[in-house]
Amino acid sequence: MAAARADLPRGSLPFALIVAVSIALLFLFAPARRAKGLAVGELSLAAPLPDKVPPGVVLRIGDPVNSWIFQHLGWDKTLPFRIQWAEITGGPGVTEAFHAGALDVGYGVNVPPIHATWSGIPVRIIAYRQFSDPTRALYTIGLAPGSNIRTIQDLKGKRIAFSPSQIQAQVVLQTLKAAGIDRKDVHLIELPSSIGGDVYTNSLASNEVDAAPLGLGLVAHHYITKYGDDGARLLPHPPFRDDGAVLYVPETVLNDPGKAAALRVYVRYWGRALAWANAHPEELARGYYVGVRGLPIADARLQVAALGPGAIPNQWNSAVAGEQNAIDTLAPATGRPRFDAATLFDRRFEKTASDGFKDKQTCSHCGARR
């Protein structure tokens, strides 16, 4: 699952604001990508997915953890297409890469596909995952030292970090709704969490905001470890699901028959990768988080535990309902139009990832062994 990356270099708040403004201007002046007639040879979104991947297909995928899993297991060598892995994570980064035509597949939590649509880039969700335990949360509310916040109701009148293009915005708004606090009765400080490293925790520690949604795992742990003695605290948000994560692609990628066929294979492998990660948490911690990210083993184990184990549903009705809730929560708060969440999902892929998740030692559709 996507979460704030504690291993990135820290950035200052002014730098974060400059980047945030740059991204906002990019979206403001981006040309809207509206549906148009298909060119000769393009695949309709209503057509069945092709079975055969033609020679020469390349998928550009932003998913660092699965990049390691695929290479570690040797899957990348058996695929009937080539993958170019990109170190791109976080909703704003993926949306910007989609706009530039530099990425075919993005991975993130549930809000970025909504924001991409609002930014004029039609996208489709092709895979969906969540926690195996429906009572677990992915985020918590970090409280600044001296904020005098003890309960959710104490958020009234406070300054809260807010990123409209990310899941953190939904966490904030649903928390306020559960507490009966109108968003006009708080100060929402717009600040993307995915830029500059520890932007949210630095902002809390310097008392530039009173509260901010933090990813459970390394981000929240390091914040409390470093600033707990100064009065920093964590406050669980009210019971609601914040753990949906998706693979999503621009519609133009699905119009390419070769890439559509390759995606069918990749999504099944993606499901297999989650099953492997669930079964091998220590190997993932040591191989990726220690070997690639350079984390101490204790931190690596903490991060793996915070992000898993995951599950993949074999039907998307609840996922569509969750996405609709996110749209209905964010639209009035951000001045964006409401739309039907079902239009975000490509149902041709509905069972593909779950089939891969259930695969055992071999994948009959993929030909790989481990």
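This is a predicted model: local features need pLDDT of at least 70, side-chain atom pairs count only at pLDDT 80 or more; totals for chains, interfaces and linings use all residues.
Local features need pLDDT of at least 70, side-chain atom pairs count only at pLDDT 80 or more, and totals for chains, interfaces and linings use all residues. Residues are numbered from 1 along each chain as its sequence is written, and side-chain values use heavy atoms, with hydrogens and water left out.

**View 1. Thr 175 in helix H5 (residues 167-179).** Helices here are DSSP runs (H or I, at least four residues), strands likewise (E, at least two), numbered from the N terminus. Beyond neighbours within four places in sequence, Thr 175 is in contact with Ile 141, Ile 152, Leu 155, His 237, Pro 238 and Phe 240. Contact means heavy atoms within 4.5 Å.

**View 2. Helix H12 (residues 317-334) and its buried residues.** Buried residues of H12 include Val 320, Glu 323, Ile 327 and Leu 330. The buried residues pack against helix H4 (111-118), strand S4 (123-131) and H5. Just after H12, Gly 335 takes a positive phi of about 70 degrees.

**View 3. Helix H9 (residues 257-279) against helix H10 (residues 281-290).** Their axes come within 5 Å and cross at roughly 100 degrees. Axes are lines fitted to C-alpha atoms over the stretch in contact, with angles from 0 to 180 degrees between N-to-C directions. H9 is therefore roughly perpendicular to H10 (65 to 115 degrees). Trp 276, Ala 277, Asn 278 and Ala 279 in H9 meet Pro 281, Glu 283 and Leu 284 in H10.

Technical notes:
The expected span of a helix is 1.5 Å times one less than its number of residues. Buried means under 20% relative accessible area, exposed over 50%, partly exposed in between (1.4 Å probe, protein chains only). Angles under 35 degrees count as roughly parallel, over 145 as roughly antiparallel, 65 to 115 as roughly perpendicular and the rest as oblique.
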